[in-house]
Amino acid sequence: MDNKSLTNHAYEIRRQVLISLNAAGSGHLGGSLGLADIFTVLFFDFLRHKPDNPTWAERDRLVLSIGHVAPVLYASLAEAGYFPKSELLSLRKLGSRLQGHPATAHHTPGLETSAGSLGQGLSIAVGMALSDKIDKKTRRVVSIHGDGELQEGSIWEAAMSAAHYKLNNLIAIIDRNYLQIDGKTEDVMQLEPLQSKWESFGWNVISCNGNSIPEMQQALKAATESDKPSAIIAKTRMGAGVKAIENNHKWHGKAPSDEELSAFLNALEVD
Amino acid sequence: MPAYKQLKPTRTGFGEGLVEAGKTQKNLIALGADITGSVSMDGFAKAYPERFFSFGIAEQNIAGVAAGMALSGKLPVFSTYAVFSAMRDLDQIRISICYNNVHVIIGGAHAGISVGPDGATHQALEDIAVMRVLPNMTVLSPCDATQAKLLTQKAMELNSPIYIRFGREAVPDFTDENQAIEIGKAQVLKSGTDIALFATGHMTWEAIRAAGILETEHKIHAEVVNFHSIKPIDKETIIQSAKKCKLVLTAEEHQITGGFGSAVSEVLSQEYPTKMYILGVNDCFGESGQPDELMTKYGLKAENIVENALKLIKA
């Protein structure tokens, strides 16, 4: 897909994130906007999937480990055609398929696993990737993590096991926005040197700008060419696309009011 | 003393059940947590090396990996000491396994105080409570090695999470290879009219012994019911026995709080209020000692069942 179309998809995903969070009245805006370019590249360029057949046996698997950015997952699924965009307005509402944190129990089309408690998704992705190795399937597993999430010890248990079993069909994308709820990640609990941490655990590590569509495309391509599991440290701006709230961790877990929504939509950058 | 075939640990039955199931259940995958031999998964690892994967000492990861495999159509089983397999990874079991409602078999080995000299850290007395509170979870607790083997094979037939509890010690292996066994159905081992003894795991043998003592020494006809399934629990049998006997004593190698006795009382208090005594460990940690010494000190022997049954009858 050409970059113009990808940019349009990213714009539309951000728009739907804002609209759905406003309708919900609560939820996590900052991370959802920051990840919009990564999700665009995944859903419209990288992942082999069939929105009209969500359980297609050869599909690539997307494991969202940070369940709180569900809005960007739902907006991407809707943009890809898994369900109508109008359904995004049911986010976080009673009886919705779009739970506050993703839930397979509520039958969201295209959803691979429930998530919401941090630090669990990489293990699930390892289980999926190892299953595919056993079955000699060539599909890939992509997991998405927050940087603050890497403070969970279970992530490193999983990282060790992915390298042990040489799961080069696994790509972990780390949303490196340097922010978590209490403030800057390096103040709350130091993560650096992050690249060498992953390298020392036996991973192929790629760093890129996670808000650049071409850089994400290149990083994912490079990840498929390794004989090790790959970690993509994707530097993003929390709230990317809406200048007024960029890199402000107060917008981690907040939804826009009606006034804010119209201001943010007007200010939304196409690129 | 009633008759039994041999002394055998329930964990051995689990291992045999896995090897047997592996013959036909081609998607069965075993995940090792470093103590593979100790939890009797070494037989499976040897029989099907291509379906055994070692994950080291990392219970959180192993539970998540099992969930991921199940989401990919495998039937993963992992087992370690119950203190770890049920509690070190509880959040992964809750979200990755139970919320996804995937078919993962979790073995809880070395459960109960009869673990012995290792002491309190390794004596799981809380696992039934924490496992049975989880939505979608099935909780099984076989009474001997034969039953452990059969239940392990039965566990393959469900399509949801299962926790199976085992002991460390060799205990009487007394049930029949051809017994009728169904998840969710209790087994009336001895019919009686004066008091119903409901037991699970190792305590079933103690209940059988207790019934013998009550019969010969006190002319009391106790009914003995084995509950290999704690969740779902067999309400029908509980109520039937309670109606017949009027008194119920439950016995488990577990904390009184939240365990098997609690599950029975949840049924009876709401459906057929019956005077009960819950025999178990009374809100304390265990300690080092020989298994039999500990069972005696913590009041988990047939003699303790007899004593409390008599009190219940006289009250």
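Which domains does the domain assignment of chain B give? The assignment gives domain 1 (6–173) and domain 2 (187–314), with bounds that come from an automatic or database domain assignment.

## Basis

This is a predicted model, in which local features need pLDDT of at least 70 and side-chain atom pairs count only at pLDDT 80 or more, while totals for chains, interfaces and linings use all residues. Residues are numbered from 1 along each chain as its sequence is written, chains are lettered from A in the order in which they are written, and side-chain values use heavy atoms, with hydrogens and water left out.

## The two domains of chain B

The C-alpha centres of domain 1 and domain 2 of chain B lie 25 Å apart. In domain 1 of chain B, 36 residues are in contact (heavy atoms within 4.5 Å) with 37 residues of domain 2 of chain B.

The size of an interface is often given as the accessible area lost when the parts come together. Domain 1 and domain 2 of chain B bury about 2,500 Å² between them, with 58% of it on carbon and sulfur atoms; buried area is the accessible area (1.4 Å probe) that two parts lose on being put together, summed over both. On the domain 1 side, Ile113(B), Leu125(B) and Arg132(B) lose the most area to domain 2 of chain B, together 28% of what that side buries.

## Chain B against chain A

Between the chains, 22 residues of chain B are in contact with 27 residues of chain A. The area buried there is about 2,000 Å², and carbon and sulfur atoms give 52% of it. Asn61(B), Leu71(B) and Tyr99(B) lose the most area in chain B to chain A, together 25% of what that side buries.

## Nonpolar core

A nonpolar core is a set of buried (under 20% relative accessible area, 1.4 Å probe, protein chains only) Ala, Val, Leu, Ile, Met, Phe, Trp, Tyr and Cys residues joined through side-chain atoms within 4.5 Å. The largest has 104 residues, of which Leu170(A), Trp198(A), Trp203(A) and Leu31(B) touch the most other members. Domain 1 and domain 2 of chain B both give residues to this core, so it lies between them.

Conventions: Buried < 20%, exposed > 50% of the residue type's maximum accessible area, 1.4 Å probe, protein only.
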